[in-house]
Amino acid sequence: MMADTNWVKFEIPSDTRNVAFARTAVALFASQLDWTLDELEDIKVAVSEAVSNSIIHGYQLGEGVVRVEASYADRKLTIVIEDYGQGIPDVELAQETGYTTIPEERMGLGFTFMHEYMDEVLVVSEVQKGTKVILIKEVPQRSEG
Amino acid sequence: MQYSFETVGQALIAKLQGELDLHTSPQFKEELAKFFTTQPQIKYLIMDVKNLQFIDSSGLGVILGRYRELEQRGGRLFFVQANPHIKRVLQMSGMQKISEFADSAADVLERAEGGHL
Ligand SMILES: Nc1ncnc2c1ncn2[C@@H]1O[C@H](COP(=O)(O)OP(=O)(O)OP(=O)(O)O)[C@@H](O)[C@H]1O
Ligand SMILES: [Mg+2]
């Protein structure tokens, strides 16, 4: 049988106001699947972290475009958040809990939240080119009743 | 995002409503910092998060920054009416270790008055 699929794509300027838009829009799209309210909340946090990172670190709060793409096939939701900013030299190190390049202000928890709330987090980045974060989460099989 | 502040003796009660994220946290951070500099007696920060709809690492960073200052003053941090979602992010941030939960700000104040803090 063919998979049940759908997708949505949008671009936003690197403007802090758009973080709320991005997480809400993705959650609204994702709600076509059978998540619990808690799971939708988790998805919102993960998207908020990735988009915030693009604005803060990718573009250092300056100008730029963040691309967001969400899609699903059957029960599996995939979200791609991409920027064309400064990139991450060491993606493994960046994902360690507590690692941050702005220790005076930030806690280094964004990637930890993404990992905690999604099934899979993939980070592809090239210095001076940009960063792509792929977030994957599957609707759990729920027992009847 | 809306918030209000109230000082009662050594306690600062911050009531939050809405979403605390990258966009809304800088202003909240500034206002909170103002209370700490102008009112050095503050030892207890009571965050009323009953109507806080959303928080992520940007919002948590603001609260943690204040906690470090409280710690130096020998103070404490309280969360009033935290929902399970907020409790969970606090737990993951390690902040649960350094903070306490309460049912109401009045509860915390009562304990403070009674010398039970
Ligand atoms: N899109 C990005 N472009 C460039 N660097 C990034 C990007 N995303 C993350 N980073 C780097 O990875 C580090 C860790 O990111 P993470 O979100 O875990 O923590 P943080 O953003 O520093 O702090 P917090 O998320 O707690 O506010 C960042 O400090 C930054 O150096
Ligand atoms: Mg981050």
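1. Helices here are DSSP runs of H or I with at least four residues, strands are runs of E with at least two, and both are numbered from the N terminus. A:Q60 sits in the loop between α2 and β2 of chain A. A:Q60 is not a glycine, yet has a positive phi of about 45 degrees. Most residues other than glycine have a negative phi.

2. On provenance: this is a predicted model, in which local features need pLDDT of at least 70, side-chain atom pairs count only at pLDDT 80 or more, and totals for chains, interfaces and linings use all residues. Residues are numbered from 1 along each chain as its sequence is written, chains are lettered from A and ligands numbered from 1 in the order in which they are written, and side-chain values use heavy atoms, with hydrogens and water left out.

3. A:Q60 counts as exposed because its relative accessibility is 54%. The cut-offs are under 20% relative accessible area for buried, over 50% for exposed, and partly exposed in between (1.4 Å probe, protein chains only). A:D74 also has a positive phi, of about 50 degrees, and is not a glycine. A:D74 belongs to the loop between β2 and β3 of chain A. At 42% relative accessibility, A:D74 counts as partly exposed.

4. Helix α1 of chain A (residues 18-30) has 13 residues and should span 18 Å at 1.5 Å a residue; its end C-alpha atoms are 18 Å apart, which agrees. The expected span is 1.5 Å times one less than the number of residues. Buried residues in α1(A) are A:N18, A:V19, A:A22, A:R23, A:V26, A:A27, A:F29 and A:A30. Their cover includes β1 (5-13), α2 (37-58), β2 (65-73) and β3 (76-83) of chain A, along with β2 (11-20) and β3 (44-55) of chain B. Contact here means heavy atoms within 4.5 Å.

5. The largest pocket holds about 560 Å³ of space. Of its 34 lining residues, A:H57, A:I88, A:A94, A:T101 and A:F111 are the closest to its centre. α2(A) gives the most to this lining, with eight residues. A pocket is an open set of points on a 1 Å grid over the protein atoms alone, where a 1.4 Å probe fits, with protein on both sides within 12 Å along at least five of seven lines; lining residues have an atom within 4 Å of a point. A volume is the space filled by probe spheres set on the points, which are joined across faces, edges and corners.

6. The second largest pocket has a volume of about 230 Å³. Its lining includes A:I56, A:R106, B:L22 and B:K29. From chain B, α1 (25-38) and α2 each supply at least two lining residues.
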